[in-house]
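Dear colleague,

I am passing on the structure we spoke about, and below it you will find my notes on what turned up in it. Please read them with the coordinates open beside you.

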Amino acid sequence: MKAFKKRGALTHFQILSEISKQNPNLKQKDLAETLGITIQAVSENIKTLIEEGYITSKDGRSPYKITQKGIDKVKKDAIVLRKYTDSVLETMNHFKTVWPAIANEKLKEGEKVGLYMDGGVLYASKQPASATGTVLKDAEKGTDVALGGLTGLIDMEVGEAIIVTLPNIKNGGSDAADLDLIMNIYEKGTQHGGKIDKIAIVGTVSRSITNQLNLPVDIEFAAAAGTANACRKGLNVLVLSVGDMTKAFIRELEEEKIKYNIIDGIK
């Protein structure tokens, strides 16, 4: 895209392209509306194009005519632009049609496999499933496998978040938190019977509580976004959040349309 690096080069290309259509009634106002720029900008660009010999005009007014030099420039720039867009489209087509998954068994190139989610991870297996794909390259069990020709829908329910609000340090911190309640939620899971897959923490008091209860911390930094992403992949997340930090956390979950429950974790 070197041809378009110079400031205004793309606008010059567009103006020359419009003028090359040989519309004798083409006016600066028409060019401005077509290109989405001001009439003043069109006027300044046309003045430059005339000075550089790409178009001709009487007194800088329409009708404008493109010169042979201008035609050569449009052709050259169009070829550059076409090559660039072709390369972008090729990349996008490859990106959209090749997907990674974890091979649940040894897979061979050309095999049709079923796709399913487990623990938030996409797996490929020879077992039938509602979504399928074709193996593009041999893969061993447990390794990433490239898939093409994806069809169908992957069976997956969106998970939910259980948010336990905790007292900040001024209000007693972990000493004022109901640790038995938190442990009970972790062990029993969601109110719909789903197990807790991940734990997210917001604030130092939350970290202290997971230390005391010997609970794993899966999501700590950018916890709201991480929780939303985990829930979209079918995981249930227990969130320990301190004081006013909960408000911002909830806002993000609502924006992402993630189901959540709030439980008071203070004794």
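In this predicted model, four strands make up an open sheet with parallel pairing, and their order is β9-β10-β8-β11. The edge positions are taken by β9 (198-202) and β11 (259-264), each of which has a single partner strand, so one side of each is left without a neighbour in the sheet. From one strand to the next, the twist averages 20°. Helix α7 (residues 223-232) lies across β8, β9 and β10, and runs at about 165° to β10.

Ser-206, a residue of helix α6 (residues 204-213), deserves a look of its own. Its relative accessible area is 0%, so Ser-206 counts as buried, the limit being under 20%. The side chain of Ser-206 reaches the backbone oxygen of Val-202 at 3.0 Å, and, leaving aside residues up to four places away in sequence, Ser-206 touches Leu-166, Ile-201, Leu-240, Ser-241 and Val-242.

Elsewhere in the chain there is a closed barrel of 5 strands, which runs β3-β5-β4-β6-β7 with mixed pairing. Neighbouring strands of this sheet are turned by 55° against each other on average, if direction is ignored. Strand β3 (residues 99-103) and strand β7 (residues 144-152) run antiparallel and are joined by 4 bridges, with Pro-100 having Ala-146 in β7 as its bridge partner.

Turning to charged pairs, a search of the whole structure gives 7 salt bridges, and I describe some of them here. Glu-140 and Lys-106 meet through their side chains at 4.0 Å, N to O; since Glu-140 lies in the loop between β6 (131-135) and β7, and Lys-106 in the loop between β3 and β4 (112-118), the pair ties together parts that are 34 residues apart in sequence. Arg-207 and Glu-220 form a salt bridge at 2.6 Å, N to O, and this pair links Arg-207 in helix α6 with Glu-220 in the loop between α6 and α7, 13 residues apart. Arg-207 is partly exposed at 30% relative accessibility, and Glu-220 is partly exposed at 31%. In the salt bridge between Lys-21 and Glu-18, the closest N and O atoms are 3.3 Å apart; Lys-21 is exposed, at 58% relative accessible area, whereas Glu-18 counts as buried at 18%.

Methods. Residues are numbered from 1 along each chain as its sequence is written. This is a predicted model: local features need pLDDT of at least 70, side-chain atom pairs count only at pLDDT 80 or more; totals for chains, interfaces and linings use all residues. Side-chain values use heavy atoms; hydrogens and water are left out. Two strands pair if DSSP finds at least two bridges between them. Helices (H or I, at least four residues) and strands (E, at least two) are DSSP runs, numbered from the N terminus. Axes are lines fitted to C-alpha atoms, for helices over the stretch in contact, and angles run from 0 to 180 degrees between N-to-C directions. Buried means under 20% relative accessible area, exposed over 50%, partly exposed in between (1.4 Å probe, protein chains only). A polar contact is a pair of N or O atoms within 3.5 Å; within protein, one must be able to donate a hydrogen and the other to accept it, and residues adjacent in sequence count only if both atoms are side-chain atoms. Contact means heavy atoms within 4.5 Å.
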